[in-house]
Amino acid sequence: MGVLQEMEAMSTKGQPQDSVTNQLVWPPCQQGDDSDCAEIRGSQVQLPEDILRHIHTFMQMQDAALAACVSRSFLRSWRCYPKLMLSVDSLHIKEDASRKDEIKREFISRVDHILQNHSGMGVKAFSLHTYPCSDVHPSYVDHWLQIAITPGIEKFELSMFGRHGTKYNFPCSVLSSERRSSIQSFFLAVCSFHSAAQVGCMSSLTNLRLHSINVTGEELYGFLSNSCALKQFYLSNCEDIIWLKIPCLLKQLDILHVFGCLKLQMIESNAPKLSTFSYAGDAICISLGDALHVRRVDFRHDHSPGALYYARTKLPLIAPKVQTLVLSTRSETVNTPIASCKFLQLKYLEIVLCAPIFPSGYNFYSLVSFLDASPALETFVLRIALPTIRPDSIIEDSGGDSSRPQCLSEQCHDRLKNVMITGFCSAKSMIQLTIHIIEKTKSLMCLTLDTTRGHDRRFAKIDKCLRLSKDALVEAEKARVAIQRYVEGRVPSTVNLRVIEPCSKCI
């Protein structure tokens with residue numbers, strides 16, 4: 001029997017005896033003190049219940065339940081325990097694919113028992129994750145929410161798990177005015193939330209996360225308009241939203257993340273203080289208003305062939321004052337255009353190329369267009385996420401000194417100090433890009449050419465690197481030869497050249 005079950009059994013069979021758990025050393029009361037002071041019982045000291053309750057709140061739920069098993073004071077405190085985090089893992093239910101129905105029955109029984117033994121008072125944080133229990137009947141969840149969502153609650157999480165398409169319909173009736181007014185963090189996953197606009201004012205809400213929710217753009221706009229204190233908004237895999245509009249009423253909104261909303265066609269934000277914007281999906285119409293405070297943009301286009309073209313031609317207009325830009329794409333073509341618009345304040349640029357196959361037409365040198373557009377750039381990072389054998393290796397090219405870059409630009413990069421390329425390869429255009437940077441960047445201080453998948457991203461705690469395939473190891477050796485033959489002799493003595501090669505932990 002688990003600790004929580006023991007505690008529940010004690011609550012039904014009789015009160016536990018006090019133990020050393022609540023017989024802690026405490027200064028004796030002075031004469032004339034009131035009943036809140038510690039009570040002396042023989043040679044032992046009995047702490048007042050308000051202090052024990054305060055101690056109880058700092059325990060993890062499993063430890064708090066254990067304390068309730070051995071102390072009647074902690075058992076009384078458990079009925080007002082403020083952090084109810086309910087999942088198969090937290091309830092120590094062993095997962096077994098062969099007994100799914102049994103696990104679901106056990107999960108329902110334990111959650112039901114815990115919440116029935118809770119007074120409903122004092123809950124500050126409530127989290128319910130039903131995975132891997134699929135299709136828990138809505139009546140159970142409705143009942144649990146009625147108990148858990150009480151006045152004073154600050155953090156709420158509900159993540160459902162279902163296999164048959166129909167999502168749990170979140171009952172907005174549980175968010176009455178006295179209950180919702182204290183909620184600061186609200187997370188909803190795999191639910192239907194069509195009544196979002198009817199919730200009313202969420203005056204304390206600062207953090208909102210919605211994942212795989214059935215809600216339309218209009219319904220969500222109504223909910224956001226009632227959440228004027230919102231600072232962070234994360235939206236992912238919500239496939240009913242076509243137009244996401246962020247109202248100007250969100251004057252404190254600082255962070256906006258939008259990921260994987262497949263039907264989304266437009267994002268329009270009028271939040272005046274937005275500083276961080278992240279987006280993953282297809283190229284769509286994006287408007288961030290004046291975007292005067294947007295300083296960081298993360299942009300990921302998985303399979304869009306024009307991802308870098310979009311980033312180069314549109315992002316300077318979407319976020320003209322961006323200082324940190326991270327671009328990620330799985331596109332199998334790179335041919336970045338030269339454009340007139342610039343990133344005038346950009347200081348950090350990271351480009352992640354995740355394509356599993358790099359054809360010979362993959363023009364790394366065209367990325368110079370981003371450098372030319374960023375006169376304030378100080379750090380440039382290029383990552384080849386899945387390095388492999390290059391069909392256009394300069395090592396196998398017999399056509400003269402093809403390392404000399406074609407003249408895309410004569411512009412110098414006067415503030416660029418640090419350049420790192422991970423997954424560095426022997427492709428002709430990669431060598432040309434590197435030589436261009438060396439020759440056009442007099443301010444360069446450190447050049448890191450990493451032939452692995454990223455030494456800076458290795459698993460330091462377990463002393464392990466990201467694994468390299470056999471083809472990637474062959475290409476790493478070619479890249480080392482290319483660096484020696486075409487790069488090293490061009491690096492000024494003032495530049496710290498770091499060449500990183502695979503080690504035994506990369507295999």
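The following dialogue considers how to read selected features of one predicted protein model.

Trainee: On what basis are the residues and values given?

Mentor: Residues are numbered from 1 along each chain as its sequence is written, and side-chain values use heavy atoms, with hydrogens and water left out. Because the model is predicted, local features need pLDDT of at least 70 and side-chain atom pairs count only at pLDDT 80 or more, while totals for chains, interfaces and linings use all residues.

Trainee: How many helices and strands are in the chain?

Mentor: Helices (H or I, at least four residues) and strands (E, at least two) are DSSP runs, numbered from the N terminus. The chain has 12 helices and 21 strands.

Trainee: What percentage of the residues count as buried?

Mentor: Buried means under 20% relative accessible area, exposed over 50%, and partly exposed in between (1.4 Å probe, protein chains only). Of the 507 residues in the chain, 51% count as buried.

Trainee: Is Arg 179 buried or exposed, and which residues does Arg 179 contact beyond its neighbours within four places in sequence?

Mentor: Arg 179 belongs to helix H7 (residues 177-180). Its relative accessibility is 17%, so Arg 179 counts as buried. A contact means heavy atoms within 4.5 Å. With neighbours within four places in sequence set aside, the contacts of Arg 179 are Gln 146, Ile 149, Thr 150, Pro 151, Ile 153 and Val 174.

Trainee: How is a pair of aromatic rings described?

Mentor: Such a pair is described by the distance of the centres and the angle of the planes. Rings of Phe, Tyr and Trp (its six-membered ring) pair if their centres lie within 6.5 Å; planes under 30 degrees apart count as stacked, over 60 as edge-to-face and the rest as tilted. By this rule there are 14 aromatic pairs. One of them joins Phe 107 and Trp 144 edge-to-face, at 6.4 Å centre to centre and 85° between the planes. This pair links distant parts of the chain, with Phe 107 in helix H5 (residues 100-116) and Trp 144 in helix H6 (residues 138-148), 37 residues apart. Phe 107 and Trp 144 are buried.

Trainee: Which residues other than glycine have a positive phi, and where is the cis peptide bond?

Mentor: Most residues other than glycine have a negative phi, and most peptide bonds are trans. His 92 has a positive phi of about 55° and is exposed, with a relative accessible area of 56%. Ser 212 has a positive phi of about 50° and is buried, at 16%. The peptide bond from Tyr 131 to Pro 132 is cis, with omega near 5°.
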